[in-house]
Structures are given as structure tokens and as C-alpha cells.
Amino acid sequence: LKENNLLSSEEKALIAIENNNYAYIELAINQGLLNPKTFVDGKPLIIHAAILNKPEMILLLAQYAALLYECVCVDGKDIMQYAKENNSIHAQAQIILIRA
């Protein structure tokens, strides 16, 4: 628990995405501790969710306007490119549904 307090809000967000901790993400956004458009390691949080094949997290972040349409990393790749490169099939399906 003590070590967790030493992590940045961005690091906590990545852990929450990986562990499907929707409550943390939503609470952090609503309390202003985390911007849904935050970049971590050159990628927006929603791209991290796509890489990890977390469709429900993509949906949650998209509900908070997390750059779904204009979502690109510093290298210029978009969310769908990352989902395809990482064989994140469920993430790809979610992206298609949201964009439809």
C-alpha cells in the first residue's frame, strides 16, 4: 500500500487499465486526479487499453472523451493500428462499434 502511494496518477491509471479497475479510473477522472486524455509513454490512456485488449476500458475512456477519433500517439499511429498490431480483437470490435 505504501509503495502504491509513491506511484504517479498516470502509473496508477496504467495498472488500473491492466487490472480492469474501472472504479479507480472513473473516480480519478471525476475527482480531477486524472485527465482521460493523458499521455503515458507517448500514448493516450485509451491506446494503452487497446494494446491490452480491454474493450470495456476503451468504452469507459471514450465516454469521458478520451480522443477516440483523433487518437494518435507521438509516433502518429492511431488506436486501431495499435489494436491490430497487438491482436487485440475485442478492442478492435469495440473501436468499430463506438465509431459506428
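Which residues have the most contacts inside the largest nonpolar core? They are Ile25 and Leu61, and the core around them has 24 residues. Welcome to this predicted model, a protein chain with seven helices and two strands.

**Overall layout**
- The protein chain has 100 residues, and 39% of them are buried.
- Take the contacts in the protein chain between residues at least 6 apart in sequence: 62% of them join residues at least 24 apart.
- The protein chain has an accessible surface of about 5800 Å², and carbon and sulfur atoms account for 52% of that surface.

- In soluble globular proteins, nonpolar side chains tend to be buried together.
- Here, the largest nonpolar core counts 24 residues, with Ile25 and Leu61 having the most contacts inside it.
- At least two residues of this core come from each of helix 2 (9-18), helix 3 (22-30), helix 4 (45-51), helix 5 (55-63), helix 6 (79-85) and helix 7 (89-99).
- Helix 4 provides the largest share of this core, with five residues.

**A look at helix 5**
- The buried residues in helix 5 include Pro55, Met57, Ile58, Leu60 and Leu61.
- Just after helix 5 comes alanine 65, which takes a positive phi of about 60°.

**Charged and aromatic side chains**
- Side chains of opposite charge can pair when their charged atoms come close.
- One salt bridge turns up in a search of the whole structure.
- This salt bridge joins lysine 77 and glutamate 85, whose closest N and O atoms are 3.1 Å apart.
- Both partners count as partly exposed, because lysine 77 has a relative accessible area of 27% and glutamate 85 has a relative accessibility of 47%.
- Lysine 77 has another neighbour to look for: its charged end sits over the ring of tyrosine 82, 5.0 Å from the ring centre.
- As for aromatic pairs, a search of the whole structure finds zero.

Notes. Residues numbered from 1 in each chain as written. Predicted model: local features only at pLDDT ≥ 70, side-chain atom pairs only at ≥ 80, totals over all residues. Heavy atoms only, no water. Phe/Tyr/Trp six-rings, centres within 6.5 Å; stacked < 30°, edge-to-face > 60°. Lys NZ or Arg CZ within 6 Å of the ring centre and 35° of its normal. Core = buried A, V, L, I, M, F, W, Y, C linked by side-chain atoms within 4.5 Å. Buried < 20%, exposed > 50% of the residue type's maximum accessible area, 1.4 Å probe, protein only. Helix = DSSP H or I, 4+ residues; strand = E, 2+ residues; numbered from the N terminus. Contact = heavy atoms within 4.5 Å. Areas by Shrake-Rupley, 256 points an atom, 1.4 Å probe, with all protein chains shown as cover. Salt bridge = Lys/Arg side-chain N within 4 Å of Asp/Glu carboxyl O.
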